[in-house]
Amino acid sequence: MRIFDPHIHMTSRTTDDYERMYEAGVRALVEPAFWLGQPRTSVGSFVDYFDGLVGWEPFRAAQFGIRHHCTMALNPKEANDPRCRPVLELLPRYLEKDGVVAVGEVGYDSMTPEEDEVFAQQLALALEHDLPVLVHTPHRDKAEGTRRSLDVVRESGLPPERVVLDHLNEVTVKMVAESGCWMGFSIYPDTKMDEDRMVAILREYGTERMLVNSAADWGRSDPLKTRRTGDAMLAAGFTEDDVDRVLWRNPVEFYGQSGRLTLDAPLDPGTLFEGNSVLRGTPA
Amino acid sequence: MTREEVRAELAAALEPALTAEASAWLADARKRIAGDADAAAVLLPAAGRRCGRDPRPLSVGDAASGGLPWTVEDAARVLMLLELPCTGDALAARLDDLYWHGDANERRAVLRSLDALGAEVGDAALPLLNDALRTNDTRLVAAALGRYGAERLPAHNWRQAVLKCVFVGVPLSVVAGLDDRADGELTRMMTDYARERTAAGRDVPADVARFLEVR
């Protein structure tokens, strides 16, 4: 089973996770820029975080045979802190980088006027830089937040096939299916979605425009939930081709709209140097 | 070696490795940067996806060859940097901006460009080398140890950098000027390192053994 995890925060995970993910079939992933649990208070913290997403993290992933890409944005939670707002001025340079395959995570957290503004501005950036968009739907007041997100997307002029609304569930999937946008589902140990409910949604809505992710981060989460969902699909009678479509071809199609995906096996960075492996050395 | 010499060699080595489309894109990008240094901020990041990422080493002439092999991506970016229409302090400031706003591959290209641009910027780019050498990213550590680093890094920093190569798995063959600059202090550091490995029951890396053998 080959797996592309379209949403996972590897900065918060260990090398053990990379090893287990590779064993489970993960060969590529997208790490969306989001908050880090502790709110940031200055633009400099974002610069270092963004630099890691296009620097150290892809290097780390490559050592374990996994292709790392990312999305960039000012997330809705921190959009509410005026000290973080100047991050918007940094984005145009980051949105040109090779490994950046979408604008995201944008959207709503508490549905404030500040979030409205920052959301709309970043959808305009996506149009300017010709990138797809990853929209985070809020945890609180989710149905209303999803409805409003769809309205903002419609007003932006972005074609729906270039937008994914993420963290959907039984209540919000229908309106997104009807909008023509892509549907993202985060499979979690005890919140958001679980793998059996995911299988039920796939039965009802089919496999087209569906993205399944682990959204694993610093909270209680599991980077192997993509694999578990694939296993649950097979157990429920879906074919291997269905699983391949949901867990590989769909994310490739969605993020491939950026023209910046790299999917051949990464060279161990050590092979740049005549077959010496970086893994053999002791960290300096 | 001068900007012009390196530029001619890299262009000649790169041309057969590019598709017609990539070649046209690169020619246009170089022209735009030569006309307006600001264009580099948008064009430099795109070089990988436009020119290709074939990792096989290109064969270059003497002026451009150092210890580190040239890939299509590195050569394309360095060629673009060698078009920057400025020199001296203005060039140093421009390289600084492109490094600090660059992803790891762009930073690597800025570091590699210094072998040809070092004579124009003097010591002004040393802070970039020190940043690269603070990382554990082998792509950056290796690129910081070209001719510019060999000529300008203070002795202590340079020795620490060479030892770091051994730690993170960058082969010593990529360190420019190793034989000329290696001194008694570096030999002592390598000897101590070999002793530490042996005491722990671990292998001494082949590079360290080779280094000590000839001293």
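Predicted model: local features only at pLDDT ≥ 70, side-chain atom pairs only at ≥ 80, totals over all residues.
Which helices of chain B each supply at least two residues of the lining of the largest cavity? They are α6 (104-121) and α8 (138-143).

## Cavities

The model has three cavities of 30 Å³ or more. The largest cavity holds about 170 Å³ of space. Its lining consists of 18 residues, and those that lie nearest the centre are A64(B), G66(B), W70(B), R112(B) and D115(B).

With three residues, α6(B) gives the most to this lining. By residue class, the lining of the largest cavity divides into eleven nonpolar, four polar and three charged residues.

## Helix α11 of chain A

Helix α11 of chain A covers residues 240-256 and bends by about 40 degrees at V246(A). V246(A) is itself among the buried residues of α11(A).

An α-helix has 3.6 residues a turn, so residues three or four places apart point the same way.

## R2 of chain A

R2(A) sits in the segment before β1 (3-5) of chain A. Its relative accessible area is 40%, so R2(A) is classed as partly exposed, a class that runs between the 20% and 50% limits.

Beyond its neighbours within four places in sequence, R2(A) is in contact with G25(A), D244(A), L247(A), W248(A) and R249(A). The side chains of R2(A) and D244(A) are joined by a polar contact of 2.7 Å.

R2(A) can also be placed relative to R227(A): the two are 225 residues apart in sequence, while their C-alpha atoms are 9.0 Å apart in space.

## E78 of chain A

E78(A) belongs to helix α4 of chain A, which spans residues 76-79. With a relative accessible area of 3%, E78(A) counts as buried, because the limit for that class is under 20%.

The side chain of E78(A) reaches the backbone nitrogen of R40(A) at 2.8 Å. R40(A) is also one of the residues that E78(A) touches when those up to four places away in sequence are not counted.

Definitions and conventions: Residues numbered from 1 in each chain as written. Chains lettered and ligands numbered in written order. Heavy atoms only, no water. Bend = angle between axes of the 7 residues up to and from the residue. Helix = DSSP H or I, 4+ residues; strand = E, 2+ residues; numbered from the N terminus. Buried < 20%, exposed > 50% of the residue type's maximum accessible area, 1.4 Å probe, protein only. 1 Å grid on protein atoms, 1.4 Å probe; cavity = no way out; pocket = protein on both sides within 12 Å on 5 of 7 lines; lining within 4 Å. Points joined across faces, edges and corners; volume = space filled by probe spheres on them. Nonpolar A, V, L, I, M, F, W, Y, C, P; charged D, E, K, R; others polar. Polar contact = N/O pair within 3.5 Å; in protein donor to acceptor, adjacent residues only side chain to side chain. Contact = heavy atoms within 4.5 Å.
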